[in-house]
Structure formats: structure tokens, C-alpha cells
Amino acid sequence: MRVLSGIQPSGSLHLGNYFGMMKKMIDYQQHHELFCFIANYHAMTSVPDGKALATGTLEAAANFLALGLDPDKSVFWVQSDVPEVQELTWVLSNFTPMGLLERCHSYKDKVAKGIAPNHGLFAYPVLMAADILLFGGELVPVGKDQKQHLEVARDIAIKFNNEHGEVLVVPEPDIDDEIATIPGLDGQKMSKSYKNTIDLFLEEKALRKQVMRIVTDPTPVEDPKDPDKCNVFQIYRLFLDKQQEQALRQRYLAGGLGYGEVKQELFETVRDFFAPFAQRREELLGDKDQLRAILAEGAQKARGAASKIMRKVRKKTGLAY
Ligand code: TYM
């Protein structure tokens, strides 16, 4: 099974990215053919500063590698190092009804928030379809916020295939109910744009500050509390196995557990969970040439796979003449 997904290098990565997508990808590489990339073209829709985009790209790559993505077991590259994706985007644009894009929540939400709509933002899902279809991705692990974009990719693939035969693989989304939407500090979806994230690889002080900002209700310490309504619990459980989760649940229900105490425990848990990866991350970022070499090798492998599918696409569409 070919598993494929990407992540934007737009600022620091957070627990939503980690549990919603990165951890799953890292687990998949043991038994599947894994394709994973840093979506820097997509990030251009929100990061206009060139320096920030370049730095963010290397940092996102270092984060993924430090957390366990193995470039020898997978194909790991930066989106813009495989320019065929732009060619396929154009081809697919001709199989993308305007209405399909006009219905996209992510586009509509951004416009509603006052972001000036441009063509990049509008065509974002077509580029995303090209990302997947260019490599024949069969299974695409994503969080729930990307579900509609996956449906768009499927629709485009089906439309292309209806015209040209079974050329493109129609991808399946891989969205786990349990972690479909990781909540942020305020209980809304964890997202950089809501400023409610717990970020990966923070300094201890900054991490503690984020955890302490988790919104809780005013129930007194001695009273029993409902774990299912508690933002701290909803984040904490990501780090626990079933038995540990049950034990924490009991402590909530018994009363006597203060939110301050459980936040301190969560802070220590997050810190200790990511600490072993921090050193590897520093090493990777300390030798950027080496990091670029890893990415260049990944891009070469990715281009090999892309060229096979593009050859068929060019032939079918008449671009090869
Ligand atoms: P991006 O960079 O916003 O997020 C990367 C991944 O993290 C997931 N995620 C979450 N999952 C659960 N709970 C949350 N609070 C949460 N926040 C983020 C996202 O769902 C995503 O899977 N468009 C994509 C990047 C992309 C892509 C692709 C993905 C570009 N091309 C092709 C798959 C296939 C995005 O913006 O992800």
C-alpha cells in the first residue's frame, strides 16, 4: 500500500500536526511504502516572506526526521523540488469544475476571516490533488480538516479517469475518529490561526506557559470533575495508553484533583515525550548542508515515481505529440 501525505512549513508544528498526521506517517513506514513531503508551495498562501518560508521548510524537515521519519525507508522531499507537480496541477485544473472549489470550507473560512482571496488560495485543493495523484498515493493520513480536500482530489481523479481510462489512483483518506480533530488550549481545533497550540520542541519555559494557558472551568479543587468536558484531559489522553487514561479519569471523578496539578503533570509529560528527539533535531539543524542533501536525495526518488505517472498523463492528454 502506498501511503502519502504532506505538511505545510508555515510556522512551528504543534500537537495537532503530530498526532493528526506525523505520528501516523512515522508508524506507517514500518510496513508500507511511504511518501511524505513538506508542502512549501501550499505554504506560500500564508507565508509571503521568503526567508521565513525557507527557514520554515528546513525546520519542518528537521522536525519530521528527528521524530523518526527515516529517509532510507521512505521517500521524503520538499514539494517544490518536484516541479512536475505544477504541470499536473495545470492538467487537473481542466478537470476541476469551479463549483467544486467554490464549495471548499477552508477557502470560504479564510475569505470570511478577511484574507484577500487570490488564485493561489482558490486553487489550493487542485495542487493538493496533484500532490497525491502524481505519486499514486492510495492512502492519505490527514486530520479531519483536510477531509473535504481529499474528496476534491477523489472527484478530480475520477473525472480524469472517466475521460482517459484508469490512469490515476483514486486515493482514500485515512482519518482516525479518535484523533480526527485534536483540540487546542480553548477546546476549538488546535490551529496556529486560532493561537491555541501546544508547539513541538519549545523551550521548557515557553512550553509550560502554553500548557498553563489551557482553558478550564471554575470547579473547586475538591469537587469531582468531568474529564470529557476538560481541555486538559482531552490533550493529556493523547499521551496515555488505555489503562493510564482510565486511571486519570478516576482521579477526575473522585474529586480533589486541581487543574493546576494536572496541567503541571501534562507539561512534564509533553516535555519528557519530546525531549529524546530534541538533540537529533539540533544536530540536523546544525548541519543544513547535510539536511539539504537528504532532501535532494528524496526529491530524486520522488521525481522517479512522478515521471512514470506524468508519462502516461502526457500521452493520454496529447501533451506528448
Ligand atoms: P497542515 O500543514 O495544515 O497540517 C498537517 C496535518 O496535520 C493535521 N492537523 C490536525 N489533525 C488533527 N487535529 C488538529 N487540530 C490538526 N491540525 C492539523 C492536518 O489535517 C494535516 O493532515 N493541505 C495540507 C497539506 C497538504 C497535503 C497534501 C496533505 C498539501 N498537500 C496532500 C495530504 C496530501 C495542510 O494544510 O496540512
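Reply: Let us begin with residue classes: Ala, Val, Leu, Ile, Met, Phe, Trp, Tyr, Cys and Pro count as nonpolar, Asp, Glu, Lys and Arg as charged, and the others, Gly among them, as polar. By these classes, the shell around the ligand has nine nonpolar, 12 polar and three charged residues. This is a predicted model, in which local features need pLDDT of at least 70, side-chain atom pairs count only at pLDDT 80 or more, and totals for chains, interfaces and linings use all residues. Residues are numbered from 1 along each chain as its sequence is written.

Me: Why is L67 called buried?

Reply: A residue is buried if 20 or more other C-beta atoms, placed from the backbone, lie within 10 Å of its own, exposed if 12 or fewer, and partly exposed in between. L67 has 20 C-beta neighbours inside 10 Å, and therefore counts as buried. L67 lies in the loop between α3 (50-66) and β3 (74-78), where helices (H or I, at least four residues) and strands (E, at least two) are DSSP runs numbered from the N terminus.

Me: What makes D131 buried?

Reply: D131 has 25 other C-beta atoms within 10 Å, so D131 is buried as well. This residue sits in helix α7.

Me: Which residues does D131 touch, not counting residues up to four places away in sequence?

Reply: They are G6, Q79 and V85, where contact means that the two C-beta atoms, placed from the backbone, lie within 7 Å.
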